[in-house]
There are 2 protein chains.
Amino acid sequence: MNKISPLQQARAAYAPKLPAALQNGAAVCVQEGGATTAVADVEKIQALFKSTFGSPVLTFAPGKGESKPAVNVGVILSGGQAPGGHNVIAGLFDGLKSMNKESRLFGFLKGPDGLVKNECIELTGDIIDAYRNTGGFDMIGSGRTKLEEEAQFIAARKSCETYGISALVIIGGDDSNTNACVLAEYFKSNGIPIQVIGCPKTIDGDLKNEWIEASFGFDTACRVYSELIGNIGRDANSAKKYWHFVKLMGRSASHIALECALQTQPNAAIISEEVAAKKMTLGQIVDNLAAIVAKRAANGMNFGVALIPEGLVEFIPEIKVLIAELNDLLAANATAVEVMDKADKVAFAAGKLSAASASVFKSLPAGIQMQLCNDRDPHGNVQVSLIETEKMLAEMVGTKLKAMKAEGTYKGKFATQTHFFGYEGRCAAPSNYDADYCYSLGFNAAALIGAGRTGYMSSVRNTMKPAAEWIAGGIPITMMLNMERRHGADKPVIRKALVELDGAPFTAFAANREAWAAETSFVYPGPIQYFGPSSVCDLVTKTLTLEKGGEL
Amino acid sequence: MNKISPLQQARAAYAPKLPAALQNGAAVCVQEGGATTAVADVEKIQALFKSTFGSPVLTFAPGKGESKPAVNVGVILSGGQAPGGHNVIAGLFDGLKSMNKESRLFGFLKGPDGLVKNECIELTGDIIDAYRNTGGFDMIGSGRTKLEEEAQFIAARKSCETYGISALVIIGGDDSNTNACVLAEYFKSNGIPIQVIGCPKTIDGDLKNEWIEASFGFDTACRVYSELIGNIGRDANSAKKYWHFVKLMGRSASHIALECALQTQPNAAIISEEVAAKKMTLGQIVDNLAAIVAKRAANGMNFGVALIPEGLVEFIPEIKVLIAELNDLLAANATAVEVMDKADKVAFAAGKLSAASASVFKSLPAGIQMQLCNDRDPHGNVQVSLIETEKMLAEMVGTKLKAMKAEGTYKGKFATQTHFFGYEGRCAAPSNYDADYCYSLGFNAAALIGAGRTGYMSSVRNTMKPAAEWIAGGIPITMMLNMERRHGADKPVIRKALVELDGAPFTAFAANREAWAAETSFVYPGPIQYFGPSSVCDLVTKTLTLEKGGEL
């Protein structure tokens, strides 16, 4: 066993809170709603999910503490790390044991791959205890293999049979839960007695809907990033000489950037969904930022903080076109390009692009041109996630300000620091919210297993309130599906939740951003606290607070 | 007033702990030691500091709570931000008021500049209360102007006379405290009745000696960085696919990198002082890192964490030579270079360097060559602090591993993520250690003023123990001086404390690093806790613990 930090030692003793429905064990009373449908493409979804489609929404009430037959259950962590994954597993373990002490839990290693390749360990009480309330997915590892092929399903069945496993819990994001649904349908329609339950995980916050009010990890990750942004804001306001451009993880969606903006009140925050809706060009984004810098400079403030969502470049129409052209161009000339040095590739690309894209390309900083032509994935495509948007914007805003200075519309100094936060928060020890929510999701998954259900997502709602008032239950995953075009084929998928421009979180941001830009209204959230008064430990994200009608 | 975060609200109520000597107010009993000398160049220092040289070391014992005449005192924050600066000011305020309620405190704005330009606000109880236990220097700002010229001293005297100020407290690093000493000597030798007291501040940890056991802010900043490194280590050990190269602030000294290594147990940490002592080349550093990567890969671990101190490149002999040559070369050809584009500058430099430096230059990644030729300060010099050493090493290790793979000495995958932490920690709210230490330093500075002393540094020692046992007193700054060559002239300066290779912290690191490299022994310190059990809130740095004979 590794050395344990003092905080980890103290935090291990935390007993996560449960909804009232689960406090008497996972053998709950099940209340069924009416038959359900799908969010769109109902007929196609129904045709694809003949056995699992239409299942009722389930709501749980406290059981009488009765026992259930012992079961063996398998659990998988799928996709990127998110704070609280270990607590889902601990909750699942405790939930299963609450129904029958003889039940056993197995962890498939390194994600879905472990299920397919039958790599597995039994998760005993000692192992579980060592990971309670810790961050990371290192208990059993995670992976990004997609469970989509029948050959994988057959292998999964065999793996389960090896250990007498009759239920699988898949902890993952939108795609992983879609796959859980497909696997549930496969098992059920083929008469294979293995239940499949999903749990909503992702720091990106893009797996949520009417029934799933939050994906776990979002709260903790946003608090870590907001701690750092707050510290940086304080530094900016102390040194008064830098503009800090901070890029934040979050894939396509800007939920993290928006939540961090609501927590820290920076001078600017770009929301990709707004850029797309307003069809903003890169030039407009740069001009907007430069205007904020100039306005603050006119008031003697040559410093500030700007937040940038990771997925931004994909939402800027002309950059999308440029990237597509570059992908085609470099693929078509692969042999010729391969032998060029980095600078020559840039010159080559600049000469071959369409006039419009060439002009966009030339407007980009040299370092970014270099990245676009050189950092390519194994399929030869530009690796959008590697583009240093924060540096690109900092440099382009600087260029714009130079022009404004020449015109006489800007007087000031502009020096920048750039940051990218992502890995810093994905494996933090879960906040109380995530520790409780995750433990409840896992315990609740045990309740769904005990209730004999399959193709359900574990659902814990009303989390704005104290945990005792949380609503536990299950939502048929088919209900969240629609058909989308993926890799040239129509596929059933859970609709990804992007930031809604008419939603309360964005509206609150939009109502305040001009004041935050002009003034210095930074808020300093500080680090996550695990002890002390409830006012500092038991917080709910601004996003959820606003979505549920609360105030900023 | 800005919006205040819940944590800031709750933390405002924290009452910092004081040494027993100060618990009865700042009117202490003063115990004088014998006459002192200087760390080196005694005669020269004595000649330069005729009036202040040789003052005794002071140790304080509790006073009887008597009052002293009211005084007006000025305070200045100098240099880079460090957590706890506001608490020094709060302690100073409370200390002064403890001796006489009519005493007043004035804050000079934006650092030493405010003293010279006479920009000042009175720090009332309301202002002080709003900043208790907060991070940042935003209460009065800071600045980097050096107080060195007689014209500045004359202006400083005038500013003080405007407000009837009879004592100045300068909160800063080694240079600022040297300047405080020079100013004290100037005032005293000219019969100007203004006392000058210094307080030891810097996150870099390089202002410490026999009498000053820690500079404030080092503890908090290292805890923020260690929180993030721990989270990243957990992510590395969960995803098992990235090597994370983390650069850490700290100027020339590697105290921060060493402390963070001791807290988090990474797979590698470079200590610049060792690189210099062993005259290691860049190639050797890269080879050492590549060997660790290869060894871990052979054991199935294609992931890891490596820490890199900010000042590294200045300690690598051949890079030092290269930078000096580049500085001369680009200065001598300024007109020709000015009109070149970025890539042409690189080609130009490569062609003009000495053979040895050209070979080093060509071994560097293209992006770093670009930075070396293009990011230059107003004097035309390479901006060493901007060199992305973490990316440089990641890329060079990758190149080395490719060669090893071709030779058959390495089988594995090597993908990297890079990080730079600095601004994230300089303005964090102070840990209990820094909150208490800073408040005590400030309160103690008031005691030095009450005792009528000048040219002293506020000293609080024995901080490994509970605060009541801390030893309060004053150390004559002249005692810490020696002569060093600066900008072509011999100057009296406080000797900068670098990492000592025979000191306990480095020795402990060196004894463990091979195991930490081969195994995965990451420790996850988690975020600073301000509430809860003393075991998680009242921590002392590993550096100080080891220096004082404690264990890792």
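Which residue does B:Glu547 form a salt bridge with, and how far apart are the closest N and O atoms? The partner is B:Lys208, and the closest N and O atoms are 3D neighbours at 2.7 Å. Keep in mind for every view below that this is a predicted model.

**View 1. B:Glu547 and B:Lys208 link distant parts of chain B.** Here B:Glu547 comes from helix 22 (residues 542–547), while B:Lys208 comes from the loop between strand 7 and helix 8. B:Lys208 counts as buried because its relative accessibility is 17%, and the cut-off for buried is under 20%. B:Glu547 is partly exposed, with a relative accessible area of 36%.

**View 2. B:Thr202 sits in the loop between strand 7 (195–200) and helix 8 (218–239) of chain B.** Is B:Thr202 buried or exposed? At a relative accessible area of 7%, B:Thr202 is buried. Leaving out residues up to four places away in sequence, B:Thr202 touches B:Ala82, B:Leu207, B:Ser215, B:Phe216 and B:Phe218.

**View 3. A:Asp204 and A:Arg251 form a salt bridge in chain A.** Their closest N and O atoms are 3.1 Å apart. A:Asp204 lies in the loop between strand 7 (195–200) and helix 8, and A:Arg251 in the loop between strand 8 (243–248) and helix 9 (255–264), so the pair ties together parts that are 47 residues apart in sequence. A:Asp204 is buried, with 7% relative accessibility, whereas A:Arg251 is partly exposed at 38%.

**View 4. A:Arg485 and A:Asp490 meet through their side chains in a salt bridge.** The N to O distance is 3.4 Å. A:Arg485 counts as exposed, at 59% relative accessibility, and A:Asp490 is partly exposed, at 43%. Over all chains, a search of the whole structure turns up 58 salt bridges.

**View 5. Chain A meets chain B through 64 residues on the chain A side and 64 on the chain B side.** About 4900 Å² is buried between the two chains, with carbon and sulfur atoms giving 51% of that area. In chain A, the residues that lose the most area to chain B are A:Lys3, A:Arg234 and A:Tyr423, together 15% of what that side buries. How many salt bridges are counted between chain A and chain B? The count is six. One you can pick out is A:Asp138 with B:Arg234, where the closest N and O atoms are 3.1 Å apart. The interface also has 26 residue pairs in polar contact. Helix 8 of chain A gives the most to the side that touches chain B, with 10 residues. By type, that side of chain A divides into 27 nonpolar, 23 polar and 14 charged residues.

**View 6. A rotation of 180° superposes chain A on chain B.** The shift along the axis is 0.0 Å and the RMSD is 0.0 Å. That is the relation of a two-fold axis. Both copies use the same surface, and 100% of the contact residues of chain A recur in chain B.

**View 7. B:Ala291 is part of helix 11 (residues 282–298) of chain B.** With 42% relative accessibility, B:Ala291 counts as partly exposed. B:Leu401 is 110 residues away along the chain, yet the C-alpha atoms of B:Ala291 and B:Leu401 are separated by 8.6 Å.

Note on methods:
Residues numbered from 1 in each chain as written. Chains lettered and ligands numbered in written order. Predicted model: local features only at pLDDT ≥ 70, side-chain atom pairs only at ≥ 80, totals over all residues. Heavy atoms only, no water. Helix = DSSP H or I, 4+ residues; strand = E, 2+ residues; numbered from the N terminus. Buried < 20%, exposed > 50% of the residue type's maximum accessible area, 1.4 Å probe, protein only. Contact = heavy atoms within 4.5 Å. Buried area = accessible area lost by both parts, 1.4 Å probe. Salt bridge = Lys/Arg side-chain N within 4 Å of Asp/Glu carboxyl O. Polar contact = N/O pair within 3.5 Å; in protein donor to acceptor, adjacent residues only side chain to side chain. Nonpolar A, V, L, I, M, F, W, Y, C, P; charged D, E, K, R; others polar. Least-squares fit on C-alpha atoms with pLDDT ≥ 70 in both.
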